[in-house]
Amino acid sequence: MCAPKGVLKGNFQMGKPLFYEILEKPATSGIIGICCAIWFYIQKKNIGYSHVGLSYETAMEGHHWRIITSAFSHISVIHLVFNMSALWSLGVLEQLGHMGLGVAYYLHYTLVLVILSGILVLGMYHLLIQKFKLEYFRRVTAVGYSCVVFGWMTILSMKQPSSKLELFGFLSLPISFAPFESLIFTSIIVPQASFLGHLSGIIVGYAIAWGLIHGMNNFWALSMLGWVVLVFIFSLKKSNTYDFDFLEIESVTDPSLPSVRFLSAGNGRTLQMNALPTGDVEIV
């Protein structure tokens, strides 16, 4: 994939022992470890694209949890190696604290990239299916961390436009053009690569770099993470993908809960409150 060259002069040194580089890139190292562990689990359990991938069809069926699982899952070892090697190189962002980046920034906006790029690619599928009647995109299944990789590549190209990207160790390109160069390059050498998934990462990356998405701090990141976990668990439960014994969702009729409805009265409307609810109320 692509490796940033000349991002840090003086602070970033080639040839350091791997242990020290891991300490300098704790967030990146942790994410790589998670993706590798998930890959091993997928191989051991013989899990396929349809089990963890994100598609328009499964999203419409309520499988919203796939936005998370698709981002961190890789089926092919080559796909995993490409994405993780690129992510490792982009991990130098963690060392740019003096530029307003750093570890906290990296973690906050990684969460944003995962969620928003997944939602954006679903929006693109919706437009292509509903507006242009391209039913092919209804079942297209995407997996992999590429959307986040392309997002960070875009952000780095805006923060360090004078840096260079080294492709495969011999081709050096200006990082300012790297996101689109990589988008075209991967589409040519890997035809099955998700063009829309990569493009969604680039779009969200530009939105972050330009300040259209900003203000993330520990409070907002933890709040967002909390909502993500809740949606993840409830979508797993409601889609019958996983049975959480401690969580039950059932319809009940509680006479102590009032209901509100509108009754037509001539040309106007009358508000009426009943002691009994007009329909079922879902509570947990």
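With which residue does glutamate 21 form a salt bridge? In this predicted model, the partner of glutamate 21 is lysine 25, and the closest N and O atoms of the pair are 3.9 Å apart. That separation qualifies because a salt bridge requires the side-chain nitrogen to lie within 4 Å of the carboxyl oxygen. Both members of this pair, glutamate 21 and lysine 25, are buried.

The setting of this pair is a protein chain that contains 11 helices and 7 strands. The chain has 284 residues, of which 43% count as buried. Contacts between residues at least 6 apart in sequence were also examined, and 71% of them join residues at least 24 apart.

A search of the whole structure finds 3 salt bridges. Glutamate 57, at 26% relative accessibility, counts as partly exposed.

The remaining salt bridge joins glutamate 135 to arginine 138, with the closest N and O atoms 2.7 Å apart. Glutamate 135 is partly exposed, its relative accessibility being 41%. Arginine 138 is also classed as partly exposed, with a relative accessible area of 21%.

Disulfides were considered next. A disulfide is a covalent bond between the sulfur atoms of two cysteines. The count in this model comes to 0 disulfides. Cysteine 35 is in no disulfide, and the nearest cysteine sulfur, that of cysteine 36, is 7.0 Å away. Seen from cysteine 36, the closest cysteine sulfur is that of cysteine 35, and the 7.0 Å between them is too far for a bond, because the two sulfur atoms would have to be within 2.5 Å. The two cysteines also fall into separate accessibility classes: cysteine 35 is buried, at 0% relative accessibility, while cysteine 36 is partly exposed, with a relative accessible area of 25%.

Two packed helices are described by the angle between their axes and the distance between the axes. Helix α2 (residues 26–45) and helix α6 (residues 77–90) have axes that come within 10 Å and cross at roughly 175°. The two helices are therefore roughly antiparallel to each other, as angles over 145 degrees are placed in that class. On the α2 side, the residues in contact include both cysteines, Cys35 and Cys36, together with Trp39. Among the residues that they meet in α6 are Leu80, Met84 and Trp88.

A second pair consists of α7 and helix α10 (residues 195–209), which pack at an angle of about 130° with their axes 8 Å apart. At this angle, α7 and α10 are oblique to each other, and α7 passes α10 in a right-handed crossing. The contacts of α7 involve residues including Tyr105, Tyr109, Leu113, Met124 and Leu128. In α10, the residues met by α7 include Leu196, Gly197, Gly201, Val204, Gly205 and Ile208.

Notes: Residues are numbered from 1 along each chain as its sequence is written. This is a predicted model: local features need pLDDT of at least 70, side-chain atom pairs count only at pLDDT 80 or more; totals for chains, interfaces and linings use all residues. Side-chain values use heavy atoms; hydrogens and water are left out. Buried means under 20% relative accessible area, exposed over 50%, partly exposed in between (1.4 Å probe, protein chains only). Axes are lines fitted to C-alpha atoms, for helices over the stretch in contact, and angles run from 0 to 180 degrees between N-to-C directions. Helices (H or I, at least four residues) and strands (E, at least two) are DSSP runs, numbered from the N terminus. Angles under 35 degrees count as roughly parallel, over 145 as roughly antiparallel, 65 to 115 as roughly perpendicular and the rest as oblique. A crossing is left-handed if the near helix is turned anticlockwise from the far one by less than a right angle, and right-handed if clockwise. Contact means heavy atoms within 4.5 Å.
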